[in-house]
Structure formats: C-alpha cells, structure tokens
Amino acid sequence: MSKAEQYARKAAGWSDAEYADATAYLSHRADLIATLGVPLAPNDEVLDLACGDGGLGAFLLERGLRYRGVDAEPAMIDAARRRLGGRAPVDEGDLNDYAPPAPVAATTVFRAIYYARDRAAFFARVATFTETKLVFDLNPRQYRLEDVVADLRAAGFSRVVLRPFFVPQTQRLPGPLVALAKAAERSGPLARLALRARFTYLVAAAR
Ligand SMILES: C[S@@+](CC[C@H](N)C(=O)[O-])C[C@H]1O[C@@H](n2cnc3c(N)ncnc32)[C@H](O)[C@@H]1O
C-alpha cells in the first residue's frame with residue numbers, strides 16, 4: 001500500500017490515533033508556534049502545510065490566531081474540514097508548490113518536512129509568502145542541524161531558534177510529568193543528550 005493510501009485510510013480520527021494525549025501534545029505545539037522566537041500577535045494567520053486532519057487548528061484558534069490548513073490527501077482534507085467545521089479554510093495542495101491566497105504571518109510544517117523535494121528551494125518559496133516565521137519539527141538523528149540552519153539563512157530566515165520538544169507522542173503522561181517534560185526542554189546539555197536517542201526539535205526561523 002502506498003504512503004498516500006495509508007494516510008487516506010488513517011485520515012478519520014488521525015490526531016486521536018497518532019497522539020496518545022492529543023490535547024497535551026498539540027496544545028504544547030500550538031504554544032511554541034505562538035511564542036518561540038518572534039512571538040505571533042492576535043489574529044495573525046498560521047498556514048499549516050501537510051496539516052493532516054487539522055488537529056492543530058483548534059489549539060491555534062483558541063489562542064486568538066487564524067488557521068489555514070493544506071494537505072495533499074483528499075481524505076485528510078475532508079477530515080480537517082469536518083473537524084474544523086467552517087472555523088478555518090482547508091485547501092488541497094502539495095507543499096512543494098502551494099501558495100496561500102495572501103501572505104501569512106507564520107507557516108508551519110509538522111512531521112512532513114521530508115516531503116519537500118528540495119529543502120533549500122522549499123524554504124525559499126515559503127519565505128515569499130511568510131511575513132514573520134516558519135516553524136517545523138526536526139529529527140536531529142535524521143538531519144544535520146547545521147545544514148538545515150544554513151538552508152534557512154540562505155532563504156532569508158536569519159534568526160533560528162531550536163527548542164527540544166519532550167511531550168511524548170505515543171505515551172500519555174500524568175499532568176505533573178507533562179510539566180516536568182516541558183521544563184526539561186530548557187535543560188541545555190541534558191536535553192541535547194536526550195535528543196541523541198529520542199524526541200525532536202521544534203525550529204522557529206524568523207526573518
Ligand atoms: C505524518 S502526517 C502529519 C500530519 C500533521 N501535520 C501532524 O503533525 O499530525 C503527514 C501528512 O502530510 C501529507 N502530505 C504528504 N505529502 C504531502 C505533500 N507533498 N504536500 C502536502 N501534504 C502532504 C499527508 O497526507 C499527511 O496528512
């Protein structure tokens with residue numbers, strides 16, 4: 001079965017199946033989108049490329065931001081439209097050539113940066129319609145950070161901030177442990193040690 005077919009089959013209920021504690025995970029992601037690096041302002045629009053079922057959308061909307069989802073898979077788009085219920089637009093598009101109808105404050109790409117055919121060209125395209133920052137997650141065991149930061153700088157995103165993201169995807173933690181995981185993200189060398197084995201960075205790249 002192709003990857004696209006797998007996504008189509010999993011589209012309904014994607015976020016609830018993929019995240020052991022979708023609220024803890026996606027609300028923390030939304031907090032960092034709003035605050036990491038250059039902060040977003042109320043009513044700023046976030047363009048979420050490869051949005052899946054748009055599970056992130058509600059958490060950005062409740063922070064006073066606007067949301068626009070984009071995905072290549074029609075079943076994911078249907079799921080996102082149903083989930084968001086008209087509170088945000090969802091477009092069909094390939095992140096390699098999609099452009100929003102008007103510039104956005106922030107563009108996000110989660111668990112999908114590997115779908116960019118040419119990463120440097122992708123960052124450069126995103127820079128043409130992104131006014132404040134690009135935010136995405138990055139597995140440092142899969143990509144060399146220096147290479148990614150160099151591509152961001154070449155695209156005009158000169159201020160790059162990396163934050164370890166330690167709320168687990170596949171494990172539901174009790175509330176106090178979620179708080180501890182978030183505190184550990186700021187632990188410097190210890191956090192970098194943990195990233196050698198597990199977890200990802202959240203990257204915020206601003207102009
Ligand atoms: C691993 S899921 C991530 C979904 C969501 N961003 C999340 O973090 O839960 C990858 C998503 O990328 C979409 N996708 C794959 N290739 C794409 C492309 N070239 N352009 C846009 N979306 C794509 C898939 O349909 C799927 O919804």
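Predicted model: local features only at pLDDT ≥ 70, side-chain atom pairs only at ≥ 80, totals over all residues.
Local features need pLDDT of at least 70 and side-chain atom pairs count only at pLDDT 80 or more, while totals for chains, interfaces and linings use all residues.

**Stop 1: the ligand.** Select the ligand and its shell. 18 residues surround the ligand, each with a heavy atom within 4 Å of it. The closest are Tyr19, Ala50, Asp71, Leu95 and Phe110. Now color the shell by type. It divides into 10 nonpolar, 3 polar and 5 charged residues. Here Ala, Val, Leu, Ile, Met, Phe, Trp, Tyr, Cys and Pro count as nonpolar, Asp, Glu, Lys and Arg as charged, and the others, Gly among them, as polar.

**Stop 2: polar contacts.** Look for pairs of N or O atoms within 3.5 Å. Select Asp71: a polar side-chain atom lies 2.6 Å from a ligand oxygen. For Tyr19, the distance from a polar side-chain atom to a ligand oxygen is 2.7 Å. For Arg29, it is 3.2 Å. The protein covers 93% of the 600 Å² of accessible area that the ligand has on its own (Shrake-Rupley method, 1.4 Å probe).

**Stop 3: salt bridges.** Side chains of opposite charge can pair when their charged atoms come close. The count is 13 salt bridges, each a side-chain nitrogen of Lys or Arg within 4 Å of a carboxyl oxygen of Asp or Glu. Select Arg119 and Asp151: their closest N and O atoms are 2.9 Å apart. Then select Arg63 and Glu62, which meet at 3.7 Å, N to O.

Arg63 is partly exposed, at 27%. Buried means under 20%, exposed over 50%, and partly exposed in between (1.4 Å probe, protein chains only).

Terms used
Residues numbered from 1 in each chain as written. Heavy atoms only, no water. Polar contact = N/O pair within 3.5 Å; in protein donor to acceptor, adjacent residues only side chain to side chain.
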